[in-house]
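Please view the sequence and coordinates first, then read on.

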Amino acid sequence: MGDLEATRLAGKVALITGASHGLGRALAIAFAREGAALALCARRAPALDEVASAVARLGADVLAVQADMRSARDLARLVAVTLDRFHRVDILVNNASELGPTPLPYLADYPPAAFDDVLQVNVTAPFRLTQALIGGMLLRNHGVVINVTSDAAITGYPGWGAYAVSKAALEGLTRTWIAELAGTGVRMYAVDPGDMDTDMHRAAMPDADPCELARPDDVARAFIQLVASPEPAPVGQRVEAAAFGR
Ligand SMILES: NC(=O)c1ccc[n+]([C@@H]2O[C@H](COP(=O)([O-])OP(=O)(O)OC[C@H]3O[C@@H](n4cnc5c(N)ncnc54)[C@H](OP(=O)(O)O)[C@@H]3O)[C@@H](O)[C@H]2O)c1
């Protein structure tokens with residue numbers, strides 16, 4: 001572990017979805033460095049197993065679960081095996097996300113089945129996972145849920161179709177949970193990581209200059225700050241990672 005600060009999440013259990021690539025991978029490594037135990041999931045096993053091995057080498061207790069966020073059965077299994085192994089989840093990061101078809105089609109041409117897929121991964125899965133885990137958090141009077149959002153939630157970019165709709169819905173979901181959690185020790189945030197150099201960004205905007213994009217490792221530091229800070233960002237706000245201690 002190395003530096004003195006690196007135990008801010010010791011004793012905490014974090015579940016991170018979409019942990020095999022991009023921001024999810026960076027979060028898994030950053031959370032492991034801070035001493036958290038980790039449940040990680042994604043669809044493709046090889047990359048997920050590589051991340052699990054990397055965080056295990058950092059000393060983390062880690063569980064890797066192959067799961068598709070579109071499948072209610074996979075979500076139930078993910079929750080069951082995580083609770084069986086760790087008995088609780090203190091931090092849930094709903095990070096996994098589906099961009100939709102590329103090149104990004106206009107709504108007039110958007111395939112309806114793809115629209116449904118995007119909403120299932122980006123809205124329904126975070127709802128189901130939160131619903132499955134929030135009871136334990138409320139019983140313990142603490143817990144943090146982070147829903148990873150995007151500026152597409154608040155700006156009508158042409159072509160961002162179902163993804164934009166899904167992130168707007170995810171922010172609405174977050175606001176409602178926050179109102180319903182008032183007075184409990186459970187915190188929830190919608191965090192916008194900003195433009196990052198990841199597979200998703202390359203798929204959406206292949207001509208973007210990577211030098212102008214944030215590195216997921218740097219963005220992950222802002223997430224750690226938010227989760228571990230004794231003076232967290234005010235609950236109820238949409239949080240931009242760039243404005244929060246990167
Ligand atoms: N990159 C950006 O510039 C940017 C900007 C704003 C917001 N965001 C948000 O940041 C988060 C991370 O994005 P990223 O750029 O790191 O994406 P990414 O590089 O494409 O990684 C996405 C991760 O989610 C997993 N995933 C995708 N669909 C899944 C499914 N159906 N079930 C389970 N896992 C699934 C992927 O693994 P498998 O494919 O193996 O399942 C992968 O591990 C997302 O919520 C995204 O909307 C990104």
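## Met200

Met200 counts as partly exposed, because 18 C-beta neighbours fall inside 10 Å. The scale is as follows: buried means 20 or more other C-beta atoms within 10 Å of a residue's own, exposed means 12 or fewer, and partly exposed lies in between, with C-beta atoms placed from the backbone. Met200 sits in helix α6. Helices (H or I, at least four residues) and strands (E, at least two) are DSSP runs, numbered from the N terminus.

Which residues does Met200 touch, not counting residues up to four places away in sequence? They are Gly22, Ser97 and Leu99. Contact means C-beta atoms, placed from the backbone, within 7 Å. Met200 and Gly22 are 178 residues apart along the chain, yet their C-alpha atoms are separated by 8.0 Å.

## Model and numbering

The model is predicted: local features need pLDDT of at least 70, side-chain atom pairs count only at pLDDT 80 or more, and totals for chains, interfaces and linings use all residues. Residues are numbered from 1 along each chain as its sequence is written.

## Ligand shell

The ligand is surrounded by 29 residues. The closest are Gly18, Gly22, Arg43, Ser97 and Thr198. A residue is near a molecule if its C-beta atom, placed from the backbone, lies within 6 Å of it.

By type, the shell holds eleven nonpolar, eleven polar and seven charged residues. Here Ala, Val, Leu, Ile, Met, Phe, Trp, Tyr, Cys and Pro count as nonpolar, Asp, Glu, Lys and Arg as charged, and the others, Gly among them, as polar.

## Sheet and packing helices

Seven strands form an open sheet with parallel pairing, in the order β3-β2-β1-β4-β5-β6-β7. Two strands pair if DSSP finds at least two bridges between them. β3 (62–66) and β7 (238–240) stand at the edges with a single partner strand each, so one side of each lacks a neighbour in the sheet. From one strand to the next, the twist averages 20 degrees. Angles run from 0 to 180 degrees between N-to-C directions; axes are lines fitted to C-alpha atoms, for helices over the stretch in contact.

Strands β1 (residues 13–17) and β4 (residues 91–94) run parallel and are joined by three bridges. Ile16 stands opposite Val93 in β4. Helix α1 packs on the sheet, touching β1, β2 (37–42), β4 and β5 (143–148). Its direction makes about 170 degrees with that of β1. Helix α2 (residues 45–57) also packs on the sheet and touches β2 and β3. The direction of α2 makes about 175 degrees with that of β3.

## Nonpolar core

The largest nonpolar core has 76 residues. Leu27, Ala28, Leu38 and Leu40 touch the most other members. Such a core is a set of buried Ala, Val, Leu, Ile, Met, Phe, Trp, Tyr and Cys residues joined through C-beta atoms within 7 Å. Helix α4 (residues 112–140) gives the most, with nine residues. Not counting residues up to four places away in sequence, the contacts of Leu40 include Ile16, Ala28, Val51 and Val62.

## Backbone details

The peptide bond from Thr102 to Pro103 is cis, with omega near -10 degrees. Pro103 lies in the loop between β4 and α4.

His87 is not a glycine, but has a positive phi of about 70 degrees. It is placed in the loop between α3 (72–86) and β4. His87 counts as exposed because it has 9 C-beta neighbours inside 10 Å. Asn141, in the loop between α4 and β5, has a positive phi near 60 degrees. Asn141 is exposed, with 9 other C-beta atoms within 10 Å.

Terms used. Contact = placed C-beta atoms within 7 Å.
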